[in-house]
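Here is a short report on one protein chain. Keep the sequence and the 3D view open as you read.

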Amino acid sequence: MTWESKRRPTKMADGWHIKGAVISLLALMGCFPAFASERQVIPFEVNEYDHMVVRMEVNGNDRATAVIDTAATFPMINRRTARLAQLPELEENPPMINVLGLSGEELFPIVELDTLLVGNLVKTDVQAALNVNLNVVGAGNVLPANAFEGDVIDFDFENMRVMVYDGRPDRSARLVPSSLKYADEGGLVFVDVRINGRKGRALVDTGSSVTFINSRFAEKSHTRTNEEKTKILQGATSGDQSLRIASVRMLAIGDYRIPGVDILVSDPPLFRYLGLEEEPAMVLGLDLLSSFRLQIDRRRQRVVLSMPDSGRYSSGVNLNARDTRIPEY
């Protein structure tokens, strides 16, 4: 299986959107082979659900989009994309893969795509999980970030592109970088963060549009409930008392200090599966990550966050549980 460069314009289609973040935690086989030595560039757009989506051409059909997800380890496509790719009907007893989303685990059949084009890359003989249940909220087309081989995967939100290349992360004279050591656990990227001075673990998740913390982190960091926003949230979710909005005095990530933010508190099965149910933990979603230039330096196992210099505090970050939107599960 080989990637090849293919220079061609990439266009985005209207009318179809990815909903939710899917996290696949068991890969039965390798996903993507090595890139060519040239820099890979993948344009993206942000859809109405605040998901970062890229054009994906499957078996010659260019009407699908996908999320490049740092919290996934196996490609996934949905039934619509399977139809566009003109995949044959599933054989009896196909090979299966266990996929975990925010709502829990589920088995999906594995299918093979003849060709897959993303940005200026084309790949042949791609294996992917097929979501055959249209009622599974959060399922869609997912390309795991760790499948793209290169020293650095660079999310350049300002220029709406993802780049993959060797060497060190690009630097900009306009941006001040902060470098954090990360832990790689089963292909997932975790960094340490602090809320009100209390340390916790955070999953870097470009597949989630929303940043949220678990109840244990909210409790240990002595956050207070934002009653007004919580009422709005619970009203929008049919009175779900398990969800609330916490007001945080200070969120610290690397050298950045983000004061006075409101964050969703939620305890999806994801945390239990990862063994973090009783630990202070959170998910860093695009509402926060897109305020930075996010670079994952895999050779040195560092996450680099960069933004214009704003002094001691990161005034450029606007994270206030916007629209009280919640992760879908």
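## Confidence first

pLDDT is the predictor's confidence in each residue, from 0 to 100. It comes up here because this is a predicted model. Over residues 134-139, pLDDT stays under 50. The model has 11 contacts beyond four places in sequence for that stretch. Residues 1-36 also stay under 50. For them the model has 136 such contacts, again beyond four places in sequence. Where pLDDT is low, the predicted coordinates should not be read in detail.

Now take the whole chain. Its mean pLDDT is 81, and 79% of its residues reach 70 or more. Among the elements, strand β2 (residues 22-23) has the lowest mean, 36. Strand β23 (residues 293-297) has the highest, 98.

## The chain as a whole

The chain holds 5 helices and 24 strands. Of its 329 residues, 54% are buried.

Residues 24 or more positions apart account for 72% of them.

## A six-strand sheet

Six strands form an open sheet in the order β3-β13-β12-β23-β24-β14. Their pairing is antiparallel. Which strands stand at the edges? They are β3 (40-43) and β14 (176-181). Each has a single partner strand, so one side of each is left without a neighbour in the sheet. On average, neighbouring strands of this sheet are turned by 15 degrees against each other, direction ignored.

Strands of a sheet pair through backbone hydrogen bonds, either parallel or antiparallel. Edge strand β14 pairs with β24 (residues 302-307) in the antiparallel sense, over 6 bridges.

How values were computed:
Residues numbered from 1 in each chain as written. Predicted model: local features only at pLDDT ≥ 70, side-chain atom pairs only at ≥ 80, totals over all residues. Heavy atoms only, no water. Pairing = 2+ DSSP bridges. Helix = DSSP H or I, 4+ residues; strand = E, 2+ residues; numbered from the N terminus. Axes fitted to C-alpha atoms, helices over the stretch in contact; angles between N-to-C directions. Contact = heavy atoms within 4.5 Å. Buried < 20%, exposed > 50% of the residue type's maximum accessible area, 1.4 Å probe, protein only.
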